[in-house]
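Me: Got a model open and want to go through its side-chain links. Can you walk me through them?
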Amino acid sequence: MKQLKIFIVLFTTALACSCSTVLNSPKIEYLTSNYCQPTIDYDYSKLEVSQNKLPKQDSILNANLSQHDILISNAIGIETYLTEYLQIKKDTLKRLVLKQKITDRLILTGIEINALASELDCNGERINKLADYVNGINNKKTKNLTVASVTIGALTTVATVLIKNNNSSNIVGISGGLLSAGLGAMTISPKGKKINLKLQRNLLRNIWFNDNSNGAYPRSIWAILNEKQFSNSGKNDLQESIKNRWLQYNFDGKIDAETEKLFFYDGGIYNADDLYSRANMLNELQSTIRSLEQDLKSLSVKLNLI
């Protein structure tokens, strides 16, 4: 009977240590709610739209601007304003009005870039905190498994010695040894805790599927992301380049349907490694969005010289 009790204690300890569950706590609940999402929907319907293409517009723009700056002006919707501005020489008041319209649109685009980058930055930090929290619990679990393994090994040795004259001593020794070995193996490859992360607004999805039908990205930013001449190589646009990097460095060149759904649809059950991958992807996208300010700078410098 005494031997049986010892075995039950050893078995219960191993079972308790090996459980893997989805975490649920106030910290998890707070971090899984997307507090980074904009509190309002932006209304661009009343934003003044540039007029229809003017006569000789292409030739006027080509004569005064680089192809890069023309593409930027087209993306942010100021090409007709620029054409008029470049044509007018003596009407100072009209030039000032046009210059103000151009400047306002440049400022608005800069605000859009910073707003989107800030949301990505906020989400990157939020998901990284989640990953650190889950990883910390997993590390604590691994430590507990190690201690349990050592303790069970020691208890098994003591129990075997104490009942060495009993025929059941072999059962305790073998059972304890197996449990100790099992716990030791679990410290090498623990199951790990996970969290349920629902994605109400998934900015990675637009990039992955090249689809901005939900309007999550402002029109100007989306146009720049889909223009090949804004990438250093000129072979792929920025959207394609980002997706290709994710595929190679986060998914080893291939992705299954379940993983694609986890990252690019509405979320699901994430482990710590998945969360770190998502945080890295958000941060990488943020860096690309912030780099668009360099393109605006090019056009702004040119306008000050005209």
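Me: Asp58 first. How exposed is Asp58, as relative accessible area?
Reply: Asp58 is partly exposed, at a relative accessible area of 43%. Buried means under 20% relative accessible area, exposed means over 50%, and partly exposed is in between (1.4 Å probe, protein chains only). This is a predicted model: local features need pLDDT of at least 70, side-chain atom pairs count only at pLDDT 80 or more, and totals for chains, interfaces and linings use all residues. Residues are numbered from 1 along each chain as its sequence is written, and side-chain values use heavy atoms, with hydrogens and water left out.

Me: Which side chain does Asp58 meet in a salt bridge?
Reply: Lys53, at 2.7 Å, N to O. A salt bridge here is a side-chain nitrogen of Lys or Arg within 4 Å of a carboxyl oxygen of Asp or Glu. Lys53 is exposed, with a relative accessible area of 55%.

Me: How many salt bridges in the whole structure?
Reply: The search finds four. Among them is Lys94 with Glu84, where the closest N and O atoms are 3.7 Å apart. Lys94 sits in helix H6 (residues 92-162) and Glu84 in helix H5 (residues 79-87), so the pair links distant parts of the chain, ten residues apart. Helices (H or I, at least four residues) and strands (E, at least two) are DSSP runs, numbered from the N terminus.

Me: And Glu84, buried or exposed?
Reply: Buried, with 13% relative accessible area. Lys94 is partly exposed at 37%.

Me: What does Arg201 pair with?
Reply: Glu119. Their side chains meet in a salt bridge at 2.5 Å, N to O. Arg201 is in the loop between strand E1 (194-198) and helix H8 (203-209), while Glu119 is in helix H6, 82 residues apart. Glu119 is buried at 5%, and Arg201 is partly exposed at 22%.

Me: Switching to cysteines. How many disulfides?
Reply: The count is one disulfide, taking a pair of cysteine sulfur atoms within 2.5 Å. Cys36 and Cys122 form it, with sulfur atoms 2.0 Å apart.

Me: What does the Cys36 and Cys122 pair tie together?
Reply: Cys36 lies in the loop between helix H2 (26-32) and helix H3 (57-64), and Cys122 in helix H6, so the pair ties together parts that are 86 residues apart in sequence.

Me: Left-handed or right-handed?
Reply: Left-handed, because the torsion about the S-S bond of Cys36 and Cys122 is about -70°.

Me: Last one. Where do the two cysteines fall on burial?
Reply: Cys36 is buried at 10% relative accessible area. Cys122 is partly exposed at 26%.
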